[in-house]
Amino acid sequence: MSGRLEDLSKSFARHLRAEGRAERTVTLYGMSIRMFSDWLEARGRPAVVPELTRAAIREWLAELAETREPGTVRTRYRGMFRFCGWCVDEGELSEHPMRSLRPPEAKAKPVPVLSDAELAAILKACSGRGFAERRDEAMVRLLLDCGLRISELCALRIADVDLDSGMAMVKGKGDRVRPVYLSARTVRAVDRYARARATHRWAHLDALFLTQRGAMSADGARERIYGLGDRAGVDHLHPHRFRHTFAHDFLMAGGQERDLKRLAGWTSDVMLERYGSSAADVRAKAAAQKLRRGDRV
């Protein structure tokens, strides 16, 4: 082994897969190593094991914090922390350089939910009778209607969706399977897409969503969503905004938090609090106005 971080990163990725880690986790951890390596090389320093020092990593994280969101910096911290621990276990490092390095504080920043006007503009951006338009509308409506993660959307198979019963079986994190329920317009959109999909060159694949190259990937779906946002004039449109909007709408309609937790595939109340924080003041105001306690006495 050369001691180059690039080479060790490949071995680390193999280790993570052997542990059964999700491919998205493998990718995110690998990005941390690559970004740190790029940071070293930009300063004329070799991206090798001896450069994995507490001082270097702390300086790198501090510079990241100046231009990146707190959550992103924390993700980079976790990736490097796990990598350094693996290096110690494998004998590449004698001690963990981040053992006493506290993670950066990530302040909660509620994600803005999508307004009805924005949703209408997004759906208008993917209107049409072509294959891509039918597919994009089905994707958007599933994200909004069911609060799916983008990885869950792309993992859907034809066999997972039952349009007659208006539901789908979704495989979430940890391979946990849960049912989600489709509104009538989402059923119609998926049905239209399914008919267009039947004549596609890759129609024999199990994956529900297809591109000209085969099954739709999570990265490919993100790019489609970004593009729809640009055409609709909706800034910073990313897939998780639909998930936050789903959670907000569910609670706004009087849904119970326990039911939302089940529908969204969360095992922790922390995630419920995080997603429920979007537009929480709006819901609180609506609840107070509905109660109007002072008008009753």
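Trainee: Which residues of helix 10 are buried?

Mentor: Happy to start there. Buried means under 20% relative accessible area, exposed over 50%, and partly exposed in between, using a 1.4 Å probe and protein chains only. Helices here are DSSP runs of H or I with at least four residues, strands are runs of E with at least two, and both are numbered from the N terminus. In helix 10, the buried residues are Pro239, Arg241, Phe242, Arg243, His244, Thr245, Phe246, Ala247, His248 and Leu251. Ten of the 14 residues are buried, so helix 10 is largely enclosed by the rest of the structure. Just after helix 10, Gly254 takes a positive phi of about 95°.

Trainee: What should I know about the model before going on?

Mentor: This is a predicted model, in which local features need pLDDT of at least 70 and side-chain atom pairs count only at pLDDT 80 or more, while totals for chains, interfaces and linings use all residues. Residues are numbered from 1 along each chain as its sequence is written, and side-chain values use heavy atoms, with hydrogens and water left out. As for pLDDT, that is the predictor's confidence in each residue, from 0 to 100. The protein averages 88, and 88% of the residues score at least 70. Confidence is lowest in helix 13 (residues 280–291), with a mean of 59, and highest in strand 4 (residues 210–211), at 98.

Trainee: Which residues of the largest nonpolar core touch the most other members?

Mentor: First the idea: a nonpolar core is a set of buried Ala, Val, Leu, Ile, Met, Phe, Trp, Tyr and Cys residues joined through side-chain atoms within 4.5 Å. The largest one here has 37 residues, and those touching the most other members are Ile122, Leu142, Leu148, Leu153, Leu182, Phe209 and Phe242. Several elements supply at least two residues each, among them helix 5 (116–125), strand 2 (167–171) and helix 9 (218–232). Helix 6 gives the most, with seven residues.

Trainee: What is Ile122 in contact with, leaving aside its neighbours within four places in sequence?

Mentor: Contact means heavy atoms within 4.5 Å. On that basis, Ile122 is in contact with Leu114, Val140, Ala232, Val234, Leu237 and Phe242. There is also a second, separate core of 30 residues, which includes Ala13, Phe36, Trp39 and Leu101.

Trainee: How many aromatic pairs does a search of the whole structure find?

Mentor: Rings of Phe, Tyr and Trp (its six-membered ring) pair if their centres lie within 6.5 Å; planes under 30 degrees apart count as stacked, over 60 as edge-to-face and the rest as tilted. The search finds ten pairs. Phe36 and Trp39 are stacked because their ring centres are 6.0 Å apart and their planes meet at 15°. These two are three residues apart in helix 2 (residues 23–42), so about one helical turn separates them. Phe36 is buried at 0% relative accessible area, and Trp39 is buried at 6%. Another stacked pair is Phe83 and Trp86, with 6.1 Å centre to centre and 20° between the planes. Phe12, Tyr29, Phe83 and Trp86 form one aromatic cluster.

Trainee: What is the order of the strands in the open sheet?

Mentor: Strands of a sheet pair through backbone hydrogen bonds, either parallel or antiparallel. Two strands count as paired if DSSP finds at least two bridges between them. Here the open sheet has three strands in the order 1-2-3, with antiparallel pairing. Strand 1 (161–162) and strand 3 (177–181) are the edge strands, each pairing on one side only. Five bridges join strand 2 to strand 3, and Met167 stands opposite Tyr181 in strand 3.
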